2 protein chains.
Amino acid sequence: MSTECAATGKSEDIEIWFDFGSNYSYLSVMRIEDLAAKHRVRVNWQPFLLGPIFQSFGWSTSPFVLQKEKGDYAWKDMARLCKKYRIPWKMPTQFPRRGVLPLRVVLVGTGQAWIGDFAKRVMLLNFCLDRDINSQDEIARILTDLGQPTDEVLAQAKSDRTKNRLWVQSQTAKDRKIFGAPTFFVRGEMFWGNDRLEDALEFASEKAERR
Amino acid sequence: MSTECAATGKSEDIEIWFDFGSNYSYLSVMRIEDLAAKHRVRVNWQPFLLGPIFQSFGWSTSPFVLQKEKGDYAWKDMARLCKKYRIPWKMPTQFPRRGVLPLRVVLVGTGQAWIGDFAKRVMLLNFCLDRDINSQDEIARILTDLGQPTDEVLAQAKSDRTKNRLWVQSQTAKDRKIFGAPTFFVRGEMFWGNDRLEDALEFASEKAERR
């Protein structure tokens, strides 16, 4: 029962593995916190680099660039889905954008409440404002807007320790057989793609109710 | 208004482009008639060969075979989705299966009411009974069960005319920039994948209501 769940303070987790360059990650990053709250599920943010995963398949970049038909379709699909979800959408002039700095910032803020807002702001920078998400100025502005100690967070983000953590994250993604983004895990069960966000949350709720 | 629509006898069409070897086509073939009826949308069956499309991308077979991680995930996804939709599921021992004969039969029956049931039976042969969908005996049994003139339909299916029609269908799929199956079209708007069936039907309904 979900009441027992609340009484013991336990709640199910949903891991979201995402890259700021990934357009379908954009849809889920924008939606996950509200949906998860409705399901009484906690969001566990897991940033990683999608590029090395694609490279391990022999792809030099996103399949939406390599496969023209699929890419052309993906942008129509994005416009339609953003309209459906009431999320802004502007086709980025550069795709996929590299967003290593903000991914590292997410690692610095692990477990902190501002990470959801930060992730949304970075995604909007990419897919609504069409700006460079790897720019220190842009990321600093977002951190300041969110009331964070900007210099301190950026210094930590650029430290060797954090760089190494992002590398380990991306290696872990590979070990967990992630092949695209976003990917969700609920109690080890994998759900791939924004289209499976609701199913993953439903699965998390079922589990929680059974306890 | 949908009542005007009924009064004039006009209804929207949804084209479903599918291959009997495609597992995600299985999900949509099993679901489309009931869902389309609820939306007062007419199903337009469009069989085609997915293999030549994949070959045009330089792939020798399905990406679920070529990309192990994606394939492993796809079978888990199929089991979960079939449970959700209450559709039977048995992982076929051969994948992807070649189903040229039943695709040709669908062309022979173009516009006839039995095609939906025929398509479902062939899909169940593949993804529930794990049997050869290109076997003349199996296809003949289905045709007989559906009360069709089996010998006549099979003779037509194996004619040069029908063979050529299937070739043209597959060429048309390529021209229409289809890159996977199932693919739906509603008034020329493309929707890719079983995950978009509901959106495609929603789009068909909106259009119909505006007339």
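This report covers a helix, a sheet and a chain contact in a predicted model.

**Helix α2 of chain B**

Helix α2 of chain B runs over residues 23-38. Its 16 residues reach 24 Å from the first C-alpha to the last, close to the expected 22 Å. Just after α2(B) comes B:Arg40, with a positive phi of about 55 degrees.

**The sheet of chain B**

Chain B has an open sheet of four strands, in the order β2-β1-β3-β4. The pairing is mixed. Strands β2 and β4 of chain B stand at the edges with a single partner strand each, so one side of each has no neighbour in the sheet. From one strand to the next, the twist averages 25 degrees. Strand β1 of chain B pairs with β2(B) in the parallel sense, over seven bridges. In this pairing, B:Ile14 has B:Val43 of β2(B) as its bridge partner.

| Element | Residues |
|---|---|
| α2(B) | residues 23-38 |
| β1(B) | residues 12-18 |
| β2(B) | residues 41-47 |

**Where the chains meet**

The contact takes 11 residues from chain A and 11 residues from chain B. On the chain A side, α5 (68-85) and β4 (189-192) each supply at least two residues. The largest share of that side, four residues, comes from α5(A). By class, the side of chain A that touches chain B has five nonpolar, five charged and one polar residues.

Definitions and conventions
Residues are numbered from 1 along each chain as its sequence is written. Chains are lettered from A and ligands numbered from 1 in the order in which they are written. This is a predicted model: local features need pLDDT of at least 70, side-chain atom pairs count only at pLDDT 80 or more; totals for chains, interfaces and linings use all residues. The expected span of a helix is 1.5 Å times one less than its number of residues. Two residues are in contact if their C-beta atoms, placed from the backbone, lie within 7 Å. Ala, Val, Leu, Ile, Met, Phe, Trp, Tyr, Cys and Pro count as nonpolar, Asp, Glu, Lys and Arg as charged, and the others, Gly among them, as polar. Two strands pair if DSSP finds at least two bridges between them. Axes are lines fitted to C-alpha atoms, for helices over the stretch in contact, and angles run from 0 to 180 degrees between N-to-C directions.
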